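Good morning, and thank you for coming.

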Amino acid sequence: MPPKNITISVSRATEDDTLPLAQVEAIGFHDPTAEEPSTSMGRVMFGPPTESGQSFRAQELIQRMRTMPEVRLYKAVSQEEGKVVGFGGWRFYTEPFPEQDTWEDKPWEFARNPQACNEFFGAMARTKTKYMGGQRVLSKNIAGLEILVVHPDYQGIGVGKKLIQTGLDDATALALDKAYLEASEAGYPLYKKFGWQDVDQVLIDLGKYGGKGVWPTVCMRRGD
Ligand SMILES: CC(C)(COP(=O)(O)OP(=O)(O)OC[C@H]1O[C@@H](n2cnc3c(N)ncnc32)[C@H](O)[C@@H]1OP(=O)(O)O)[C@@H](O)C(=O)NCCC(=O)NCCS
C-alpha cells in the first residue's frame, strides 16, 4: 500500500536521476511472486533485478540522454519522502522518423536472454518504423511513449496518469499532436483511457526462451 496523503510531482529527469529511474524500472516490471517458467517478457529477458544490471541501465539512460536529442525522461517523485517512484520515458520526434528500419541486434550484457531481447526490441523497432515512419508522411510530429513504470508500492494512486498527462502536455506545447506506444497488458487499460487506439499486435512465444505462454504487445496511436 502507498503511504497516505502523499504529493506526487512530475518533472524532467537529469543524469543524476538515472540510477533511481533504473531501480524503479527494474522493480516495477518485476513480479516477486512470479514462478518459473515465467509468463513475463521482462523476466524472461532480464531475470530478477540486480544492482549491476541497474547500474548498467543507468549508464545506458545517460548515453541516450546525451546522444539522442529526441529522448525526454520524466521522474515522478513523492515529495514528502523525496523518493523517485515513477518513470516515464518519451521520445519527441520533431525530426522525420527514419523510413527504413535501422534496428541492429545488441549484446545485452546484463540480460538473462539476449536473444529474447533482440526479438522483442527488434520487433518494437520494426513496428515503430511501420507506423511512425509511414505516418509521418501524412502527419508530422509524434510523441512516442517508450517507458511507463511505477514502483509497486505506489501503483493505483494516479502516478502513471500524471506521468502520461505531463508528457502529453509537453508534447502539445511543442505541437506534437500525435502519439504512439507499444502496450503491455498492464498498461493497456490506462492508455485506452487517454485515447490511444489499437493499430497492431506483436506476439512473442516465451516458450522459445524457457518461459511459458505467449506475450502480447499492442501497438497503439493517439490522434488522427
Ligand atoms: C501500468 C502502470 C504504469 C499504471 O500506473 P499506476 O500509477 O498504477 O496507474 P494510475 O494509478 O495512474 O491509474 C490510472 C487509471 O488507470 C487504471 N488502471 C491502471 N492500471 C490498470 C490495470 N492494470 N487494469 C485496469 N485499470 C488500470 C486505474 O484504475 C486508474 O483509473 P481511474 O483513474 O479511472 O481510477 C503501473 O501499474 C506499472 O508500473 N505496471 C508495471 C509496469 C508496466 O507494465 N508498465 C506498462 C508498460 S506498457
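**Aromatic rings and a helix crossing**

Ring pairs join Phe-46, Trp-108, Phe-120 and Phe-121 into a cluster. Please keep in mind that this model is predicted.

The structure contains 8 aromatic pairs. How is such a pair described? A pair of aromatic rings is characterised by the distance of the centres and the angle of the planes. For Phe-46 and Phe-121, the ring centres are 6.4 Å apart and the planes lie at 50°, so this pair is tilted. Phe-46 belongs to helix α2, residues 41-46, and Phe-121 to helix α4, residues 114-138. The two are 75 residues apart, and their pair thus links distant parts of the chain.

Tyr-191 and Trp-196 form an edge-to-face pair, with 5.8 Å from centre to centre and 70° between the planes. Both Tyr-191 and Trp-196 are buried.

I now turn to two helices. Helix α1 covers residues 18-28 and helix α3 covers residues 51-67. Their axes come within 8 Å and cross at roughly 120°. Angles of 65 to 115 degrees count as roughly perpendicular and those over 145 as roughly antiparallel; α1 and α3 are therefore oblique to each other. The crossing of α1 past α3 is right-handed.

Which residues make this contact? Among them are Leu-19, Leu-21 and Ala-22 of α1, and Ala-58, Leu-61 and Ile-62 of α3. The residues of the contact comprise 8 nonpolar, 4 polar and 2 charged.

Technical notes: Residues are numbered from 1 along each chain as its sequence is written. This is a predicted model: local features need pLDDT of at least 70, side-chain atom pairs count only at pLDDT 80 or more; totals for chains, interfaces and linings use all residues. Side-chain values use heavy atoms; hydrogens and water are left out. Axes are lines fitted to C-alpha atoms, for helices over the stretch in contact, and angles run from 0 to 180 degrees between N-to-C directions. Helices (H or I, at least four residues) and strands (E, at least two) are DSSP runs, numbered from the N terminus. Angles under 35 degrees count as roughly parallel, over 145 as roughly antiparallel, 65 to 115 as roughly perpendicular and the rest as oblique. A crossing is left-handed if the near helix is turned anticlockwise from the far one by less than a right angle, and right-handed if clockwise. Contact means heavy atoms within 4.5 Å. Ala, Val, Leu, Ile, Met, Phe, Trp, Tyr, Cys and Pro count as nonpolar, Asp, Glu, Lys and Arg as charged, and the others, Gly among them, as polar. Rings of Phe, Tyr and Trp (its six-membered ring) pair if their centres lie within 6.5 Å; planes under 30 degrees apart count as stacked, over 60 as edge-to-face and the rest as tilted. Buried means under 20% relative accessible area, exposed over 50%, partly exposed in between (1.4 Å probe, protein chains only).
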